[in-house]
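Subject: Structure for your review

Dear colleague,

Please find below the structure that I am handing over to you. I should be grateful if you would read the notes that follow it.

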Amino acid sequence: MLENLVLSVNIVLPLLLVMAAGYGARAAGMLSETTVTQVNNLCFRVFMPIMLMNNIRRASLAGVSGVSALLFSAMGLLVLFAVLMLVIPKIVKENPRKGVIVQALFRSNYALFGMAVLSSMYPGDDLALPSLMIPVSVPIYNVLAVICLEAFRGGQVSPAKLVGKIARNPLILGCAAGIALMLLGNPVPKFLDDALFDLGKIATPLALFILGASFRLDALRGNGRAIAWVTAGKLVLVPLVVMGIAIAAGYRDQALASLLIAFGGPIAVSSFTMAQQMDGDADLAAELVVSTTLFSVLTLFVFIFVFKMLGLV
């Protein structure tokens, strides 16, 4: 038990410390708002796509186990979204809040925060399966987020614009490049392979550092009741239900850990921007990003510890 406790602490605590360093750097005035935005954009458009491409292109598709978890993730997100679209309007009265809360309960920061957790859980291992979860989950997150926010705004979704936006997503492009190279046998010369590998290693620590720098703890100034129940639903209730089904279905190790992050990870930072652009309650969206990111450190620690004790991951 003590060994699993120490292992769980060693997985989660470094992530928290890197985020805390980012928060401290901004609080000390070492980073401006403009710098935080620019570095976040750089990480999203350059380092993360390269990291995902590296994880996939170096793998053998035949050697990737638990591929059915990708289908489970897609179907699970669609079912969860359908349930939320039926239930949340009966609980929440204001339209600007309905879309924000639905989005908060199904959308996770899998690409940035999730891959950092999985890298810590499986250091040095082939992360092809967790990386392949990106081109499955990210388009679904984006499509469903647009649908729910637009639906409660009273507008109509443009399929052409939606497809174009997803096709231009740097993370999707990185995964697509990785899949193409993997299928071709990864024909990359050593000098380029080494350079890409070094660039990819920057992604995880930089993403966590800049995520911490993006925190605004004063954002948790209002909406206390909504923040509490949505955060509990996102980080405890949803993953408990989905993990119960996943375990019963036989998922273990990387497949189960990937599903845990996909359904029980903190809310994506981009959910705030999307809510702001689509007339959602932007203040509530920002508060939920902060609260779920902070408390996910605790909830994921508990899930990982329990799963380690049970020999599931």
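Predicted model: local features only at pLDDT ≥ 70, side-chain atom pairs only at ≥ 80, totals over all residues.

Residues are numbered from 1 along each chain as its sequence is written, and side-chain values use heavy atoms, with hydrogens and water left out.

Helix α4 covers residues 95–106; helices are DSSP runs (H or I, at least four residues), numbered from the N terminus. The end C-alpha atoms of α4 are 18 Å apart, which agrees with the 16 Å that its 12 residues should span at 1.5 Å a residue; the expected span is 1.5 Å times one less than the number of residues.

Because 10 of its 12 residues are buried, α4 is largely enclosed by the rest of the structure; buried means under 20% relative accessible area with a 1.4 Å probe, protein chains only. Among the buried residues are Arg97, Lys98 and Phe106. Their cover includes α3 (68–91), α6 (128–153) and α13 (282–309).

The search of the whole structure finds 1 cavity of 30 Å³ or more. A cavity is a set of points on a 1 Å grid over the protein atoms alone where a 1.4 Å probe fits but cannot get out, and lining residues have an atom within 4 Å of a point. Val100, Gln103, Ala104, Ile267, Ser271, Ala285 and Leu288 line the largest cavity. α4 gives the most to this lining, with 3 residues.

Yours sincerely

Key: Helix = DSSP H or I, 4+ residues; strand = E, 2+ residues; numbered from the N terminus. Buried < 20%, exposed > 50% of the residue type's maximum accessible area, 1.4 Å probe, protein only. Contact = heavy atoms within 4.5 Å. 1 Å grid on protein atoms, 1.4 Å probe; cavity = no way out; pocket = protein on both sides within 12 Å on 5 of 7 lines; lining within 4 Å. Points joined across faces, edges and corners; volume = space filled by probe spheres on them.
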